[in-house]
Amino acid sequence: MNPVKALGERAVNATKTRTTVDFGRSALVLRIGPLTSVRLGVRTTVTCLVLLLLAAAVAVLALGTGEFTATPAEVLQALTGEGSRAVRLVVVEWRLPRVLLALLVGAAMGLSGAIFQALTRNPLGSPDVLGFSTGAYTGVLICVVFVGRGYPQTVTAALIGGIATAAAVYLLSLRRGVQGFRLIIVGIAISAVLSSVNEWFIIKVDLQTAISATIWGKGTLNGLGWAQVTPAAVAIGGLTLLVLALGRRLQVLELGDDAAAAVGVGVERTRLAYLALGVALIAAATAVAGPISFVALAAPQLAHRVARTAGIALAPSAAMGALLLMGSDFAAQRVFAPTQLPVGVVTVSIGGLYFVWLLARQARR
């Protein structure tokens, strides 16, 4: 047989036997109707489920411990409307709102941090580093001093302060296109200025308001109840749906502006949409619990390492944020019991160590 012909037949046979390419990651495809489908990474899905189960376990533990204790079985019975009246009163009426807010606020912070770290393509690009949390806090302080403290007013003021800060950072960074490192440097500078403004406001107000604002400024879930749960759930849930409606555009933006534009994504319009949603998420979280630090910074990176995703993934980041804040709030309640610390004190203590490690890692790279 002709050697050339034999080599050609061998190549054809090899092509027929190798019809698939294994990229090393399994995925689930869920079909929703005849034209719509959702692709879910198996490891990402499992990671989200495990993180949510851990957060639920910490939540059950938090619901059953304290001056009035209840077993996990009694907690679950109370949540289903069964068990004794005393257990239902303590678990459902007194403790459950705080647990739900910890999960909601933590998820919002994790999701917001994932958005900004993906936009800046930098692990330091989180709302607290960029100054958006500080700007939301400034808006709330102005509202408390001149208007008064009510939840609708607080949410509106936090949103205005966060958006105004984001607009200032964006405009000051807008030189030949927005670059992640420049955005971070400008954000740190704006945050420093706003921190000084916040301190000035606290000095000028009366003593009682100053004490309340200082405690709330550390980030706390103490004293929150059902009155805050429904508005927070509506705001954070609605913003999360808007983020999901944008689809996978954030992953496309991570490839770079040129690559995103090549596949038909409006780069600046999409970036502004994600920027607005990320600021709104952190503003909603800040309006509820104050400017809690480091959850938005650490959650996306920890989720990225656990899920081993190609880039920053939104769902694992939200689940990790919920777990981190739930665990931190449980520690804030129980470590120095009966004294309850602001949860922000715990997150700063843990996050400070993580921040030092991250800076050292970035310097080595």
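Reply: Helix 10 and helix 13 pass each other in a left-handed crossing. A crossing is left-handed if the near helix is turned anticlockwise from the far one by less than a right angle, and right-handed if clockwise. Helices (H or I, at least four residues) are DSSP runs, numbered from the N terminus. The model is predicted, with local features needing pLDDT of at least 70 and side-chain atom pairs pLDDT 80 or more, whereas totals for chains, interfaces and linings use all residues. Residues are numbered from 1 along each chain as its sequence is written, and side-chain values use heavy atoms, without hydrogens and water.

Me: At roughly what angle do the axes of helix 10 and helix 13 cross?

Reply: Axes are lines fitted to C-alpha atoms, for helices over the stretch in contact, and angles run from 0 to 180 degrees between N-to-C directions. Here the two axes come within 10 Å and cross at roughly 165 degrees. Helix 10 is therefore roughly antiparallel to helix 13; angles over 145 degrees count as such, and those under 35 as roughly parallel.

Me: Which residues of helix 10 and helix 13 make the contact?

Reply: Contact means heavy atoms within 4.5 Å. Helix 10 contributes A232, A235, I236, L239, T240, L242 and V243, while helix 13 contributes Y274, L277, A280, L281, A284 and V288. By class, this contact has 12 nonpolar, 1 polar and no charged residues. Ala, Val, Leu, Ile, Met, Phe, Trp, Tyr, Cys and Pro count as nonpolar, Asp, Glu, Lys and Arg as charged, and the others, Gly among them, as polar.

Me: How is helix 4 oriented to helix 10, parallel or antiparallel?

Reply: The axes of helix 4 and helix 10 (residues 226–245) come within 10 Å and cross at roughly 25 degrees, so the two helices are roughly parallel. Their crossing is left-handed. Among the residues that meet are L96, L100 and L104 in helix 4 and V229, A233 and I236 in helix 10. The contact has 16 nonpolar, 2 polar and 1 charged residues.

Me: How is helix 4 oriented to helix 13, parallel or antiparallel?

Reply: The axes of helix 4 (residues 85–120) and helix 13 (residues 267–289) come within 9 Å, crossing at roughly 150 degrees. Helix 4 is therefore roughly antiparallel to helix 13, and the crossing is left-handed. Residues in this contact include M109 and F116 of helix 4, with R271 and Y274 of helix 13. By class there are 16 nonpolar, 2 polar and 1 charged residues.

How values were computed. Parallel < 35°, antiparallel > 145°, perpendicular 65-115°, else oblique.
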